[in-house]
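Could you walk me through this model in my viewer, one selection at a time? I would like to know what to pick next and what I will find there.

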Amino acid sequence: MVFNEPVEGIGDSTVVILGRRHAADYETEPDFIRCVGKHISSRDPSITVVGELDFVNSLYPWFEPRTAPLHPQDINRLLEQEPVAERMAELKTEYMIWIDGRTERGDSAGSMTCGIGPGGAGCFGFGTWSDDSNYEAVIWDFTDQAEVGRVNTTASGQSYMPAVVVPIPIIAPVQGTACDGIGDQLLEFLSSEY
């Protein structure tokens, strides 16, 4: 983790958290991005997190996957567009955080059968699977047009689903754990109170 420790927080400025969606075979989950934003704003209410969808819609089409900046040096190119510069000034965006990664389902095992008979329906069996999360957040200071921090988190867990008449899933909160992990690291960067 690399960052400049904050001393006064971000004041009236805002933060936007965006998911990277440039790869053809996956995208960073929108619900994970919302989770990180809620984690930050709930732990430090002084930080205003602009919703990803609101931000992308208000700056359409400049932050669509094919046009979004890949490097902080591209911010200059964006600000040359007058509507973009005006909208960014209205939003008071100080930090732009790009999150790249995803949660993948790994090995699975077990089997389950379900049936319906005259006496009712039911299932019998046992299933298990693993989930692995791997996310990296890159923090851009929009004013200085520079990358100022980079944090990452990983989490993994095993979920189970025993079934005797009714399947009872016991789900490992892998994505939630990754959300808390990266949210706490970002708070250390953004919040002077945390």
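Start with the lining of the second largest pocket, where the residues divide into 6 nonpolar, 1 polar and 6 charged. Keep in mind as you go that this is a predicted model. To get your bearings, select R20, L70, W98, D100 and V138, which lie nearest the pocket's centre among its 13 lining residues. The volume here is about 170 Å³. Now colour the strands β3 (93–117), β4 (120–141) and β5 (146–167), the elements that each give two or more residues to this lining. The most comes from β4, with 3 residues.

Next, move over to the largest pocket, which holds about 440 Å³ of space. Centre your view on I17, I33, G51, E52 and L53, the closest to the middle of this pocket out of 24 lining residues. Helix α1 has the largest share, 6 residues. By class, this lining has 12 nonpolar, 6 polar and 6 charged residues.

For the contact itself, show side chains including F32, V36 and I40 in α1, and I182, L186 and L190 in α5. The residues of this contact divide into 10 nonpolar, 3 polar and 4 charged.

Notes. Residues are numbered from 1 along each chain as its sequence is written. This is a predicted model: local features need pLDDT of at least 70, side-chain atom pairs count only at pLDDT 80 or more; totals for chains, interfaces and linings use all residues. Side-chain values use heavy atoms; hydrogens and water are left out. Contact means heavy atoms within 4.5 Å. Helices (H or I, at least four residues) and strands (E, at least two) are DSSP runs, numbered from the N terminus. Ala, Val, Leu, Ile, Met, Phe, Trp, Tyr, Cys and Pro count as nonpolar, Asp, Glu, Lys and Arg as charged, and the others, Gly among them, as polar. On a 1 Å grid over the protein atoms alone, a cavity is a set of points where a 1.4 Å probe fits but cannot get out, and a pocket is an open set with protein on both sides within 12 Å along at least five of seven lines; lining residues have an atom within 4 Å of a point. Grid points are joined across faces, edges and corners, and a volume is the space filled by probe spheres set on the points.
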